[in-house]
Amino acid sequence: MTEADEHMDFDLEVEPEDEGEEALETELGTPCLVVDDLHVVYRVIGGRAKKEAEKQGAEIREVKVKVPFYKRLLQAGRRHVGAVSEVHAVRGVSFTVRHGESVGIVGVNGSGKSTMLRAIAGLMPPKSGSVHVSGEPSLLGVNAALMPMLTGERNIMIGGLALGLTPKQVEERFDEVVEFAGIGDFVYLPMKTYSSGMGARLRFAISSAASPDILMIDEALATGDAAFKERSKSRIEEVRSNAGTVFLVSHSISTIEAMCTRVLWMHQGQLVMDGPVHEVADAYKKFVRAQRPGMGPARRRALQRKRAAEEAARKKAEADAQKKADAEAKKAAEAHA
Amino acid sequence: MSTPTTDAAAPAKAAAGGDAKKPPPPLVPSTTSAERLALAKKYGLRPLNVRPPLGEYIRDLTRRWAFIRVLATSTAYAKNQNNYLGQLWAVLNPILNAAVYVLIFGVLLKLSRGVDNSIAFIVIGVFMYRFVEASVTGGAKSISGKTQLLRSLHFPRAVLPMSTVLSLLTTLIPAIVVMCGITLLSGFLPGYEMIHVTWWWLLLPAAVALMWVFNTGLAFIMARFVASTPDIENVLPFVMRVVMYASGVIFPVVSYVERLVIPETSKAVVGGILEYQPVAVYLYLVRSVLMQEEIFPPSGLMWALGGAWAVLFFVIGFVVFWRGEERYGRD
């Protein structure tokens with residue numbers, strides 16, 4: 001087991017209301033997304049990111065570029081001045097997805113799921129490799145930044161326009177979006193007054209309003225309540241029945257099982273398994289459960305300390321008893337003498 | 001058929017039998033890279049993360065004009081929303097700003113500027129220069145400060161610098177009203193030349209529009225360079241201060257060049273550069289429109305230069321920005 005493995009954060013949530021649910025089987029169409037040997041490397045300016053990210057299992061290296069002498073002179077204090085690291089988050093991923101498929105992506109924290117989703121949504125430029133799509137992919141993330149100072153109403157307009165709708169189209173869909181988000185009159189208040197669930201619901205409603213060809217969802221359903229989950233599930237089915245494709249990143253394996261037909265398992269930036277939902281989900285669950293009893297280094301050290309302390313106490317007690325016995329024996333010997 | 005596809009060469013039977021603590025080994029794709037690319041071509045899939053051709057990019061951008069406008073007005077509105085006085089600050093802010101400059105440079109440091117109304121000179125200089133300065137600093141942050149937005153939504157990135165400058169223009173409009181008011185009122189003070197509203201004032205929107213186009217070009221250039229080298233942002237305040245003094249915002253800089261101890265020929269060169277560089281040209285235009293000063297006569301040459309600088313900076317800035325399109329959001 002590598003150092004990185006020990007640091008992985010395991011998360012196997014099971015939502016009771018998802019139990020027993022199955023994703024709708026739909027007719028599969030022609031390929032709509034081809035990912036070819038995708039590598040994503042992002043630049044981290046400032047050196048301290050290195051250790052933290054390495055713990056997460058990402059492969060990081062210092063950027064080595066040929067620099068002219070005067071630049072090297074300027075970069076003399078490299079570690080603190082001008083420290084740049086690169087995080088190789090996705091390392092050579094290839095797959096094909098067809099119209100109507102619903103694909104879940106699983107993996108431990110830091111395995112590159114979200115970065116890959118961004119790259120295949122065209123939001124993070126890859127270092128090498130390519131992504132080919134039909135139509136316009138639309139990514140929905142929990143931290144999709146709308147403007148917190150402005151009202152929900154204004155944000156619906158901004159979000160809709162950003163997705164390529166016309167102002168008139170946004171106005172037409174306004175009521176539908178508000179109803180779907182279930183925020184009622186809160187839509188006229190600034191978004192910073194919303195609870196995190198309300199914000200996430202509104203963002204989901206906005207991004208699915210444009211009826212995208214490829215809908216990508218990153219952990220956004222985790223903040224919604226059961227009723228919202230039901231609504232978003234039917235929205236996902238709607239996208240799929242219109243020959244659209246859905247990608248879902250979630251830590252809740254039951255949500256994936258309930259909503260997806262196919263699962264990609266990522267580990268340290270690479271694809272390790274790809275197949276029908278139950279096959280991969282079962283293998284992934286087995287993997288995660290196997291990790292669970294194994295403990296993190298902190299807990300292990302704490303346990304070691306506890307054991308050492310017990311051992312020391314026992315030894316001390318033994319030594320004391322020995323001393324006492326010795327003393328008594330001496331006394332006895334003296335008395336005897 | 002309804003069984004999901006898989007790209008695994010062999011059905012993965014990982015974790016079974018093997019060490020359950022280890023994830024299965026990385027998959028070997030069943031197709032080669034060439035086969036996948038052929039597949040993408042066969043079904044007419046479009047490559048992502050490829051910079052669109054310039055013409056297509058411009059078309060895409062013009063379709064998003066409503067987005068640029070809404071983003072700009074919303075940002076301008078949001079700026080003053082957290083205060084009790086709310087949108088009143090859009091007017092109060094420029095008044096306070098003008099008061100400080102007039103007090104320090106007009107009343108306390110009574111320097112001769114070769115003009116009859118130095119309050120009008122300073123107020124116009126400061127207000128119009130703030131538009132340029134805010135466009136440069138705002139443009140610099142328009143990409144680098146919005147990584148989250150870039151990684152969440154897909155749209156032509158040129159929307160961001162454009163809406164930043166448009167937002168500044170919306171906040172400039174109340175400021176211009178204040179500026180004209182102060183300019184007119186300053187004439188009633190003893191020792192300051194009276195300023196009259198003339199037909200020339202109708203040209204003020206044209207001068208501001210030229211500045212807007214020029215500033216958008218500047219914002220494009222700054223956005224691209226600061227996105228790749230964030231350090232530039234730290235140098236900007238100093239550069240902008242030098243430009244401020246070199247553009248005659250508070251003192252007419254050309255009269256100082258005359259006093260330099262350098263050969264006549266270099267004096268002419270330095271003087272020419274200082275006089276005809278874009279920021280100085282725009283300040284000249286606004287002053288010549290609003291003030292009836294002898295040193296700012298209406299000048300066709302200056303209007304032509306103003307137009308040329310605006311077009312030049314906008315076109316160069318736009319192309320520079322477009323060439324980095326596929327990289328924004330990576331760093």
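Helix H12 (residues 278-290) of chain B packs against helix H13 (residues 300-322) of chain B at an angle of about 135°, with the axes 9 Å apart. Axes here are lines fitted to C-alpha atoms, for helices over the stretch in contact, and angles run from 0 to 180 degrees between N-to-C directions. H12(B) is therefore oblique to H13(B); angles under 35 degrees count as roughly parallel, over 145 as roughly antiparallel, 65 to 115 as roughly perpendicular and the rest as oblique. The model is predicted: local features need pLDDT of at least 70, side-chain atom pairs count only at pLDDT 80 or more, and totals for chains, interfaces and linings use all residues. Residues are numbered from 1 along each chain as its sequence is written, and chains are lettered from A and ligands numbered from 1 in the order in which they are written. Helices (H or I, at least four residues) are DSSP runs, numbered from the N terminus.

On the H12(B) side, the residues that meet H13(B) include Tyr282(B) and Leu285(B). Tyr282(B) touches Met128(B), Phe214(B) and Gly306(B), among others (contact: C-beta atoms, placed from the backbone, within 7 Å).

Tyr282(B) is also among the residues with the most contacts inside the largest nonpolar core, which has 162 residues. Such a core is a set of buried Ala, Val, Leu, Ile, Met, Phe, Trp, Tyr and Cys residues joined through C-beta atoms within 7 Å. Buried means that 20 or more other C-beta atoms lie within 10 Å of a residue's own, placed from the backbone. Helix H5 (residues 118-144) of chain B gives the largest share of this core, 15 residues.

In H3(B), the buried residues include Phe67(B) and Leu71(B). The buried residues of H3(B) pack against helix H5 (152-162) of chain A together with helix H7 (159-186) of chain B.

Technical notes. Buried ≥ 20, exposed ≤ 12 C-beta atoms within 10 Å, placed from the backbone. Helix = DSSP H or I, 4+ residues; strand = E, 2+ residues; numbered from the N terminus. Contact = placed C-beta atoms within 7 Å. Lists of a residue's contacts leave out its neighbours within four places in sequence.
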